[in-house]
Amino acid sequence: MISWRAIAVATLFTAAPALLAGEIPPDARRSGYTFMGPDTRAMQDDDTTNPGMLFVLDGEALWAKKTGSASRACADCHGDARSSMKGVAARYPSFDKSLGRPVALDQRINLCRADHQQAAPLPYESRDLLALSAFVAHQSRGIPITAGDDPQAKPFVAQGRALFMQREGQLNLACTNCHDDNFDKRLAGAPITQGQPTGYPLYRLEWQTLGSLARRLRSCMTGVRAQAYDYGSPELVALELYLMSRARGLAMETPAVRP
Amino acid sequence: MERACRHDPSVPPPPPAGEGWGEDVSTAKTPPEERTLTRRCAPTSPASGRGKWRPRLDLSSHIPSIVAAVIALSLALAAGARAEELLSYTIVSDSIPASLTGFPGDAARGRALVLARTTTCILCHSGPFPETRFQGDLAPDLTGAGNRWSVSQLRLRLVDASRFNPQTIMPSYYRADGLVRVGRNFAGKPILSAAEIEDIVAFLATLRD
């Protein structure tokens with residue numbers, strides 16, 4: 001990573017960029033995809049071999065299915081997802097005015113179920129919630145991430161950043177120790193990436209299923225032997241928001257495949 | 001998904017740590033019984049097979065019948081009785097001259113510990129371990145560590161590496177305070193027992209070119 005460090009140093013002395021210390025400059029940001037071997041990349045690239053596409057198809061069916069006591073489908077309000085949902089996931093988590101805080105995409109889906117479909121919330125990591133999230137996020141494939149631009153979201157981005165920098169757990173490591181300072185190195189033989197959240201929900205071969213960004217973050221917390229934040233907790237949403245803002249400009253890949 | 005298609009043949013085979021990072025490596029491979037045991041017996045852990053049982057442990061084995069005792073115990077734990085579980089040691093300059101246990105460690109056991117993923121050394125370090133393909137490169141190769149450092153220095157390095165470098169990413173292996181949000185299964189106890197530290201120190205001292 002000599003290249004980007006050199007660039008970082010060079011820009012520091014010339015342009016004094018708005019980057020905070022330790023942060024990865026925009027032109028050095030890389031998706032986890034670029035750390036994978038050719039076969040895993042090929043699996044992601046080809047929709048017929050990408051196992052995440054099965055979830056996207058399930059999500060498409062759920063999109064059109066009437067649900068809840070309102071007996072309304074997502075499509076009844078939003079129409080064709082190909083246009084109405086295009087670029088939406090690239091802006092999530094997004095600030096919700098009535099709640100006064102950011103909500104993640106899966107939380108937005110459950111808010112729609114409660115408010116507009118009068119349906120029970122789908123549990124975190126349930127197949128249906130992952131399928132709907134994957135279907136909606138898939139409509140943003142190739143679109144650059146812009147989450148966190150909303151001025152009202154800024155305090156939550158800052159909260160997420162503080163969590164990212166905070167050492168925690170029995171191993172006393174922060175996210176930044178691995179994903180800012182040591183990407184491209186190996187943790188017991190496995191490449192460490194920049195931890196960019198470009199492909200969620202994504203299919204992880206190790207999980208043998210699709211999983212959310214929250215699930216991934218909880219694994220990293222368990223990895224440092226910290227008490228992982230609960231699904232849906234404000235801390236996890238803030239971390240997701242920070243990660244998305246840190247990935248600004250990278251293209252969405254949902255459903256990505258990772259080892 | 002068949003397991004057979006999990007990995008690119010073109011890249012190094014199953015990297016267990018990265019893949020299992022979080023869900024596998026640091027926790028799942030420690031069986032629940034072992035975790036419970038380790039928690040009850042903080043100064044040592046079953047991996048070393050040597051431990052002094054403390055009165056508290058006898059108590060906790062009767063917990064099902066004495067609910068009040070459990071509450072008292074957890075209050076005591078919460079009140080910070082935890083730190084007392086660590087054996088005290090004396091730092092002299094950049095080292096701890098005396099064995100934490102009062103006995104020399106066992107180098108063979110130390111080698112096995114360094115290679116065990118749950119000990120976590122091998123996540124970051126590499127070393128002269130031809131049988132292990134999955135070694136880390138976040139930290140210096142351990143080859144020759146016995147030339148570079150004395151036994152007393154190695155002991156302090158393991159107990160609290162931040163004494164050498166306050167910014168280090170190397171965890172303090174014999175420390176249970178000053179940490180944030182430690183997982184329920186690990187709270188209040190050091191990563192390694194005193195006996196395990198001595199075993200690893202004895203092994204590292206043998207790493208001479």
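These legends describe close-up views of a predicted model.

**View 1. Helix 3 of chain A crosses helix 7 of chain A.** Helix 3 spans residues 52-63 and helix 7 spans residues 127-138. Their axes come within 7 Å and cross at roughly 95°. That angle makes helix 3 of chain A roughly perpendicular to helix 7 of chain A. On the helix 3 side, the contact includes A:Met53, A:Leu54, A:Phe55 and A:Trp63. Helix 7 contributes residues including A:Arg127, A:Ala131, A:Phe135 and A:His138. By class, the contact residues divide into eleven nonpolar, two polar and four charged.

**View 2. A:Tyr124 and A:Tyr231 form a stacked aromatic pair.** The count over all chains comes to seven aromatic pairs. In this one, the rings are 5.7 Å apart centre to centre, with 15° between the planes. A:Tyr124 lies in the loop between helix 6 (105-117) and helix 7 of chain A, and A:Tyr231 in the loop between helix 10 (213-223) and helix 11 (234-246) of chain A, so the pair ties together parts 107 residues apart in sequence. A:Tyr124 is partly exposed, at a relative accessible area of 31%. A:Tyr231 is partly exposed too, at 27%.

**View 3. B:Phe129 and B:Phe203 form a tilted pair.** The ring centres are 6.2 Å apart and the planes stand at 35°. The pair links distant parts of the chain, 74 residues apart. B:Phe129 sits in the loop between helix 6 (121-124) and helix 7 (145-148) of chain B, while B:Phe203 belongs to helix 9 (residues 194-205) of chain B. B:Phe129 is buried, with a relative accessible area of 1%. B:Phe203 is also buried, at 6%.

**View 4. Arginines lie over aromatic rings in chain A and in chain B.** The charged end of A:Arg215 sits over the ring of A:Trp207, 4.2 Å from its centre. In chain B, B:Arg157 lies over the face of B:Phe164, at 4.2 Å from the ring centre.

View 5. A:Pro201 is in the loop between strand 4 (190-191) and strand 5 (202-204) of chain A. A:Pro255 is in the loop between helix 11 and strand 7 (257-258) of chain A.

**View 6. A:Gln118 and B:Thr120 have positive phi without being glycines.** For A:Gln118, phi is about 45°. This residue lies in the loop between helix 6 and helix 7 of chain A and is partly exposed, at 46% relative accessible area. For B:Thr120, phi is about 80°. B:Thr120 lies in the loop between helix 5 (107-115) and helix 6 of chain B and is buried, at 5% relative accessible area.

Technical notes
Residues numbered from 1 in each chain as written. Chains lettered and ligands numbered in written order. Predicted model: local features only at pLDDT ≥ 70, side-chain atom pairs only at ≥ 80, totals over all residues. Heavy atoms only, no water. Axes fitted to C-alpha atoms, helices over the stretch in contact; angles between N-to-C directions. Helix = DSSP H or I, 4+ residues; strand = E, 2+ residues; numbered from the N terminus. Parallel < 35°, antiparallel > 145°, perpendicular 65-115°, else oblique. Contact = heavy atoms within 4.5 Å. Nonpolar A, V, L, I, M, F, W, Y, C, P; charged D, E, K, R; others polar. Phe/Tyr/Trp six-rings, centres within 6.5 Å; stacked < 30°, edge-to-face > 60°. Buried < 20%, exposed > 50% of the residue type's maximum accessible area, 1.4 Å probe, protein only. Lys NZ or Arg CZ within 6 Å of the ring centre and 35° of its normal.
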